[in-house]
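Below are some points to read alongside the model, starting with the ligand site and moving on to the sheets and the backbone.

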Amino acid sequence: MCGIIGYTGGGNAAQIIYEGLKNLEYRGYDSAGMAIMENGACKTVKSCGRVEKLGASLRFFGGHTGIGHTRWATHGKPSNANAHPHTYGRITVVHNGIIENYAELRQRLTERGEIFLSETDSEVIAHLIDGFYDGDLIEAVIKCADMLKGSYALLCLCEGKEEIAAAKCRSPVILGLGENCNYLASDMTALAGKCKEVCVLEDGDFALVTPLSAKIYDGGKREITRAYLPNLAEPSALALGGFPHFMVKELWEAPATVKNTITAFCGQKDLIKSALSGVRRIVFTGCGTAYHAALAGKRYIEEFAHIPCETDYAGELRYKTLNVAEKTALIAITQSGETADTVEAARLYKSQGCTVLAVTNSPYSAITRIADVVVPVAAGAEIGVAATKSYSGQIAALYMLASLVAEKEENFAAVAEMPKLILKTLEKIDIYATARLCAESSGVYFLGRDIDYAVALEGSLKLKEVSYIPGCGYPASELKHGPLALIDGSTLSVFVITDPDISVKAEGAVEQVLARRGKVAVITGLPGVKHDLKGRAEIIELPRCDKYLSPLLSAAALQLLAYRTAVILGCDPDKPRNLAKSVTVE
Ligand code: G6P
């Protein structure tokens, strides 16, 4: 979703905002722009495409207060006109979110003779604030917010003033408190290395910052206080550290993520256990990769603790009739902690009296403020849009959570073995031949049974996200009920086979594909499978491990497969087309 940053202080605002935008680019990269206050006037530069295109203009700016934006297009195609900031009269704004009533507001303003220059929902904000402005910027922003429906994190400059106003509703805003300077940003990564303390704004908060003061107000313009928290953003998370892409860097950080997640989980054990004590039903939810982790979480709870579970995509769950008659807990999984669908599902379950647990690696995120208990995933910041290490951390956390509920803490020892097995997998597997097959295929199908099916879905998502090759994930048992019709010599089927109890059945499905001349790759830790299929399929060999922990190895192999395929095809794995890392709108 769009990234926003504001700076006011003694430094070169354009340079600081440019650096911040580069760190926020994973939130959207359709266009970028900034506005800098110079001699009382607002000077703007915008460009379609990546933030780096703004670099050439930096030397033309010398001001000390400004705002910037990197866009993931919702309303209006990526273009210079639709790029933020948007200016009307004395006011310039950047916005993340969706103004749901923008069409009605725009019509009203147009009837008043005001002219719009873009197709965005955001432009109405500049018009409204300008209309309300009477010398007091924060008052005008509060009045404007009263008229908006939807979600917004917005930053606003006003001609002649070295200050930035902000408003927040259902999209994140972090205030960074620097030395003789202040920042506002959509997330902490933009503030890495810039300030020691941050305040997280709540919905309905407004802020006004100058170089020497940072004030937070409520909707009645009463000054309020919010806790000062340490800035946890690590500059090292934002550096490639010798890797060509963040996706592969972060994939190699999976062993450390699992190791650190074990430590973090053990620190929260008692809280997690008591939150789930007496629970009769568990609903797992998330979006994208986090949803695939949810599928594994369900299997763990069912298998270890025998508690009935359900899973649903968060965006679907929100609109279904809630059945909370039994003591129900919601386990919401989200890397960013800000995904609108997941956050709103959690809010809904919480409002119905359910216990909410958040599995996340974003400590100050919206989901952590809703949840009763946070199940920590110690992945640090994840920059590559396609999730890698966060999935590993989520799997480890969910496995431990289920073991804890089932009073099988002896299982933790098996998790502790996994960092070295993940490392061994990454060091030893040879994925190039399969990646080349993927790159040449008209479609790639991922198949597995039981827990391997959950991983197959993730493998398919990963490949689609970063290489744009069509395909899907299916239970291997379902192959014959439809997907087999897709198989021919131009397709590749990737089987995940890690469960010795049902490997024979999965091998049966492999034979069905081979009989239709389909190409096959098999990811397995089972020597028998390797023996049976040698010479007839690409074999990607995994170290042996507990079948329920095998997603940590098989998913790492599939993430690497997706990465290598993207690189072969010349796609940018860190910034897949049309996607964004943190989707803060519905
Ligand atoms: C977006 C990303 C996916 C991610 C999903 C959920 O769609 O492109 O890679 O899995 O959001 O994100 P979350 O932060 O909630 O885990």
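**Notes on the ligand site and the sheets**

1. Let me begin with a polar contact (a pair of N or O atoms within 3.5 Å; within protein, one must be able to donate a hydrogen and the other to accept it, and residues adjacent in sequence count only if both atoms are side-chain atoms). Thr334 places a polar side-chain atom 2.7 Å from an oxygen atom of the ligand. From Glu465, a polar side-chain atom lies 3.1 Å from a ligand oxygen atom, and a polar backbone atom of Val385 is 3.4 Å from an oxygen atom of the ligand. On its own the ligand has 390 Å² of accessible area, and the protein covers 89% of that (Shrake-Rupley method with a 1.4 Å probe; for residues, only the protein chains shown count as cover).

2. A word on the basis of these values: this is a predicted model, in which local features need pLDDT of at least 70 and side-chain atom pairs count only at pLDDT 80 or more, while totals for chains, interfaces and linings use all residues. Residues are numbered from 1 along each chain as its sequence is written, and side-chain values use heavy atoms, with hydrogens and water left out.

3. Which residues come closest to the ligand? They are Thr289, Thr334, Gln335, Ser336 and Thr339, in a shell of 13 residues (a residue is near a molecule or strand if one of its heavy atoms lies within 4 Å of it). By type, the shell has five nonpolar, six polar and two charged residues; here Ala, Val, Leu, Ile, Met, Phe, Trp, Tyr, Cys and Pro count as nonpolar, Asp, Glu, Lys and Arg as charged, and the others, Gly among them, as polar. Helix 7 (residues 288-305) contributes the most to the shell, with three residues. Helices (H or I, at least four residues) and strands (E, at least two) are DSSP runs, numbered from the N terminus.

4. The chain is split into domain 1 (3-237), domain 2 (240-416) and domain 3 (429-576), with bounds from an automatic or database domain assignment. Taken over C-alpha atoms, the centres of domain 1 and domain 3 are 44 Å apart.

5. Now the parallel sheet: five strands make an open sheet in the order 22-21-23-24-25, where two strands pair if DSSP finds at least two bridges between them. Strand 22 (471-475) and strand 25 (538-541) are at the edges with a single partner strand each, so one side of each has no neighbour in the sheet. Neighbouring strands here are turned by 20° against each other on average, direction ignored (axes are lines fitted to C-alpha atoms, for helices over the stretch in contact, and angles run from 0 to 180 degrees between N-to-C directions). Six bridges link strand 21 (residues 443-448) and strand 23 (residues 491-497) in the parallel sense, and Leu447 has Phe495 in strand 23 as its bridge partner.

6. There is also an antiparallel open sheet of seven strands, in the order 5-6-7-8-12-13-14. Its edges are strand 5 (86-88) and strand 14 (223-224); each has a single partner strand, so one side of each is left without a neighbour in the sheet. Strand 7 (residues 150-158) pairs with strand 8 (residues 164-169) over four bridges, with Leu154 opposite Ala167 in strand 8.

7. Strand 12 (residues 206-209) and strand 13 (residues 214-217) run antiparallel, joined by four bridges, and a hairpin of four residues connects them. Leu208 stands opposite Lys215. Strand 13 and strand 14 share two bridges, and Ile216 is partnered with Ile224 in strand 14.

8. Finally, some backbone details to look at. Most residues other than glycine have a negative phi, and most peptide bonds are trans. What is the geometry of the peptide bond from His84 to Pro85? That bond is cis, with omega near 0°, and Pro85 sits in the loop between strand 4 (65-71) and strand 5. Arg170, not a glycine, has a positive phi of about 60°; Arg170 belongs to the loop between strand 8 and strand 9 (174-177). Lys221 takes a positive phi near 60° in the hairpin of strand 13 and strand 14, which has five residues between the strands.
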